[in-house]
Amino acid sequence: MLQIRDILWGFLYIACAVAIQVQVTPTHREISVGESKFFLCEVVGDAKDIDWFAPNGEKILPNNPNIQVSRNDETTSTLTIYHADVDHAGIYKCVAKNGDKEAQATVQVKIFQKITFKNVPSPQEFNEGDDADIVCDVVGSPVPFIIWKHKGARIQANKDVRYNIMENGHLLIRGIKKIDEGAYNCEARVMETGEINFKMINVIVNVLPTIRARQSEVNGTADMGGSILLACDADGYPEPIVTWAHNNVILESGDKYSLTEDGSELVIKDVIKVDEGDYTCIARNKAGEMSQEVSLNVFVQAKITYLNNQTATEFDDEVTLTCEASGDPTPSISWSFQNRMFSEGEQSHDGNIVVRSHARVSSLHLKNVDFTYAGEYLCTASNSIGQDNQPVYLEVRYAPKILGVVAVYTWEGNPANISCGVEAHPGASVTWFRDGLQVPSVNTSNVKIYSTQSSSYLEVSPESQSDFGSYNCTATNAMGTESKEFILIQAEVPSPPEIQRLEPFSSSAAVEFDEPVSFGGVPIIKYRLQWRSDGQDWTGRDYDATEDLTEFTIGGLTPDTNYEVKMSAINGKGEGENSAVVKFKTGPIREPSTPKLEAMVQNQGNALKVNWIMQDDGGSPINHYLVRYKAKHVSDWKPEIRMPRSSEYVVLSGLDWNTEYEIRIVAVNQKGKSEPGILSFRTATEPTTMPGASGSGLSTGAIVGILIVVFFVLLVAVDVTCYFLNKCGVLMCIAINFCGKAGPGAKSKDMEEGKAAFTKDESKEPIVEVRTEEEPTQNQEGVGPTEPNETTPLTEPDGKTKDDVKTEANNTAAEVKTVPNEAPQTNGNESKA
């Protein structure tokens, strides 16, 4: 029985005999990228050629490396795709031909590709303000779509016009900002397969540098060896690099310039004028560059560049001194000569000195040249940066000019120098003449000549009257000759001085006098003062003559006694005649004159040393001194201090700070008290820190507290001792009042010998006896004028009295000591001694 298959093949064979049939297996296929697959083309019928055609219609040639075609036998052909790519996708066609007969079959090839990131650079950098195209190239089959995320949030372009997701999947950010910097997520998805993949892209936003000069204009001084700092501060991202340029030349660190590591500071060394100009500070980074100009002004200190000495002859019409100077700003030029200043346009009163200036040159014109114009002239050039001084010398040639005192006094046997001072240029030779003959001659031995650079001295030792008279000094140089006569005159003794006033006191006298009318030609050396009482020999004393000597004091006189006095003057020639004798009588014994006071502040500031100088003891030795003082703002005086007769000062310590005090000191003799010497002074302000005090020392409060505790402990100890030994004190009082009994071994109320005395009104205060010396009645006739004394009596000839001994023992309020660095202050009760 014939089967159905055989029947079909039979019909097919019959049909093939008529036509060709082609079949490709499989008819479609899905291939992943990278896979390799083949397809079989079977032909029914007689086919001479079997060919494969690619999806683009081109015949696939045998030499294609990725897609190969091979004829297996008469009826089959194989298409092999190696390492499939998305470009290989499409419909492939198998065509069989035999003459004019042709048949074909197709197969559809689909290529599936996983998501692949082809061009996704990271990081991607942009400049701030640019339109940033963030690249993310993704391939896949089917084609994936892209989602962008930033900081975890999806970017929605429809809500922010700054963002745009372009057709190629890139993200466009218009006018990107620094805040847009960060990581962006480029996410690719394929809806058909559910495939998803992503890439993180780091976006960097570079910021164009900003630059600011710390000083847009800097000033410097040239030729001083100094340096100038120019500085710019730059900002941007990334950190900009700073460079400097001057005259379009980039500056580098070296001998002339020094740059900091970041380039922000430029130091110009050894600044000179040519360094002046504009310097460019340039900041660069990936975003670009910015620049800033810094101007350097270089000033030049005034400096004198030309000055030339000049020579002139006396009586020339004119000579000019020229001074030229440089500097920036332009310096002004002035002249000085012997403490006289001359500047532009100024001239001397006589019009002989005129200054004219032009630009940087100044000329000093000297008219009618005189020898006094010779010397050093100082040219001073100054501007706001500094000044320069240089001397220029004017040499004036002139004939000799003779100076010196014409009349010279001396006496026989006393050598005298006749001085002939000579001013001349060039230097002059000097010759001495007497009566037309040059001296000294061979026959003279009492005349000698001594010379210096500017003077010639003729020493004459007169032996007789003939040596006195005229001497001629003649000076000669190349410019001329000058002569001058000098006279040697016989000196005389001075005329007598005149006693103008004599004021007697008890034990002294003040003598005022006028100097002699004639000195005798030579200075007075001494004054001789002589005095005597009735019937006694003259007593005298010589005083060295001084300009201000117009008064003498005679001391050690006997009170109520007649005296007479005379005086004479003495010069080198000898003693002149005595003045007229003046008689006087000393006064009776009286109270001492007012002491003269001097105050000397001590180092601690609140202590004062008061010195006194006794003017006159009134004809009786001083017994003692009484010192009183008080602050001026209070009415009560401090207790009176008695000082011994030999005392010369008292030191007042522990005074109030910054307080004005008044001191009164009285001298006492057997006649009574003097008028008080009065002195006022103010103590210093209390210092905040005691000198030499250590910072770790105890404060005043702590010291007081310690003293109180110590005092309380001692008080308790004394009270306990009194209770047990003498049955008295606070404890004894408590025992009697509260316990009703006395302590053990109690004694009677009477105290033993040496007990304290109490007043009759039963007061517990002890009796204190204060004794003061009886003050003698003041002289009713009043105190006469202050009497000076040649010497101040400090001790009593008969020794100390009992009162003096007691006074010296009790003077505990006054301290006597030597104080360095004393600053004296004197009162107004001062008389000449």
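Mentor: The count comes to 25 salt bridges, each a side-chain nitrogen of Lys or Arg within 4 Å of a carboxyl oxygen of Asp or Glu. This is a predicted model: local features need pLDDT of at least 70, side-chain atom pairs count only at pLDDT 80 or more, and totals for chains, interfaces and linings use all residues. Residues are numbered from 1 along each chain as its sequence is written, and side-chain values use heavy atoms, with hydrogens and water left out.

Trainee: What does glutamate 660 pair with at 3.6 Å?

Mentor: Arginine 682, going by the closest N and O atoms. Glutamate 660 lies in strand β54 and arginine 682 in strand β56 (residues 677–682), so the pair ties together parts 22 residues apart in sequence. Strands here are DSSP E runs of at least two residues, numbered from the N terminus.

Trainee: And how far is lysine 632 from glutamate 660?

Mentor: Their closest N and O atoms are 3.5 Å apart, in a salt bridge.

Trainee: Switching topic: is strand β28 mostly covered or uncovered?

Mentor: Mostly covered: five of the six residues in β28 (332–337) are buried, meaning under 20% relative accessible area with a 1.4 Å probe, protein chains only.

Trainee: Which strands sit alongside β28?

Mentor: β28 pairs antiparallel with β32 (residues 375–382) over five bridges, and three bridges join β28 to antiparallel β29 (residues 340–342). Pairing takes at least two DSSP bridges between two strands.

Trainee: What about the turn between β28 and β29?

Mentor: The two strands form a hairpin with two residues between them, and glutamine 338 in the turn has a positive phi of about 50°.

Technical notes:
Buried means under 20% relative accessible area, exposed over 50%, partly exposed in between (1.4 Å probe, protein chains only). Helices (H or I, at least four residues) and strands (E, at least two) are DSSP runs, numbered from the N terminus.
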